[in-house]
Amino acid sequence: ALRAAEPLRPVRLGDSTLDLPSRTHLMGVVNVTPDSFSDGGRYLDPAAAVAHGLALAAAGADLLDVGGESTRPGAVPVPADEELARVLPVVRGLKEATRVPISIDTTKASVAREALAAGAAMVNDVSGFGFDPALAGVVAAAGAGCCLMHMQGTPETMQRGPSYGDVVAEVLEVLAAAVDRAVRAGVRREAVFVDPGIGFGKTLGHNLFLLRRLRDFRVLGQPVLVGPSRKAFLGKLVGDRPVAERAGATAASVAVVAASFGADVVRVHDVAEAREALAVAEAIRAATDGGSRFGP
């Protein structure tokens, strides 16, 4: 509880610093996969992926998350050498062209090691350091940051009847243990982000309840990252819209978590729309002109 009241410190990632206390930041998604649920196959060519990442940065992304293995429901693991062949040219190309920090979305220590050496400054692990015990040490040795996400099961099994007694308490318990693993391995505590894992082993109701109670995750004392972008639960809420038509619903979710102080970073595909949603939410949150009785 005391940690929840402490202000977050700025986080150094590579050559940049995220001033987390100042505003909600945006992480742009750069998927280099043939089968991701939203944009699989669109950016398999490294040049196309780099161009997409630069466009996201120009639209206002504060971080770029490069992934070479789909973690959609039902996805099967990709061999490390194949994942590396997909992501390394993109990480290198982005590092040469922008100062925006690069995150590598992987669960594998071997992939993270190569990507960090190529210029990534952060590892985004959907398993919360639960799949590969060597990954925490790789992050620590590189002086990198990390995001530790909660997932019930694996991508292949996670949506087969997810069940909780208390979804917030159980997700918090898993994330607290993940943070401890990271810090014990030598990762800088201030650079450990936590993510409740929206859509990863959760029902529609679980996802909504976690977003409603996102501020509860402040008790961990870590920056909070959340990724609702284009996910199936949003499509269900707006008349079963297909993936390509969920930008509006995603923007609404971004505005809600920003207005409630629930998230420090939001991971999105549609950066320009999310940036506009943040601008409105943060202006409302910061409004002070209530009339002369309220003072200058």
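Let's start at Val139: setting aside its neighbours within four places in sequence, this residue is in contact (heavy atoms within 4.5 Å) with Leu116, Val123, Phe129, Ala144, Gly145, Cys146 and Val187. Before going further, please note that this is a predicted model, in which local features need pLDDT of at least 70 and side-chain atom pairs count only at pLDDT 80 or more, while totals for chains, interfaces and linings use all residues. Residues are numbered from 1 along each chain as its sequence is written, and side-chain values use heavy atoms, with hydrogens and water left out.

Val139 also belongs to the largest nonpolar core, which has 70 residues. A nonpolar core is a set of buried Ala, Val, Leu, Ile, Met, Phe, Trp, Tyr and Cys residues joined through side-chain atoms within 4.5 Å. Here, buried means under 20% relative accessible area, exposed means over 50%, and partly exposed is in between (1.4 Å probe, protein chains only). The core members that touch the most others are Val66, Val90, Phe129, Val139, Phe217, Val226 and Val266. Helix H6 (residues 167-185) gives this core its largest share, eight residues. Helices (H or I, at least four residues) and strands (E, at least two) are DSSP runs, numbered from the N terminus. There is also a second, separate core of 14 residues, and Val11, Leu13, Leu18 and Met122 are among them.

Now let's turn to charged side chains. The structure holds 13 salt bridges, each a side-chain nitrogen of Lys or Arg within 4 Å of a carboxyl oxygen of Asp or Glu. One of them joins the side chains of Glu69 and Lys108, at 2.9 Å from N to O. Why does this pair tie together parts that are 39 residues apart in sequence? Glu69 lies in the loop between strand S4 (63-67) and helix H3 (80-97), and Lys108 sits in the loop between strand S5 (102-105) and helix H4 (109-118), so their bridge links those two parts. Both Glu69 and Lys108 are buried.

Glu82 is partly exposed, at 36% relative accessible area, whereas Arg86 is buried, at 15%.

Another pair is Asp216 and Arg213, whose side chains meet at 2.6 Å, N to O. Asp216 is partly exposed, with a relative accessible area of 24%, and Arg213 is partly exposed too, at 32%. Finally, a network of salt bridges links Arg23, Asp62 and Arg275.
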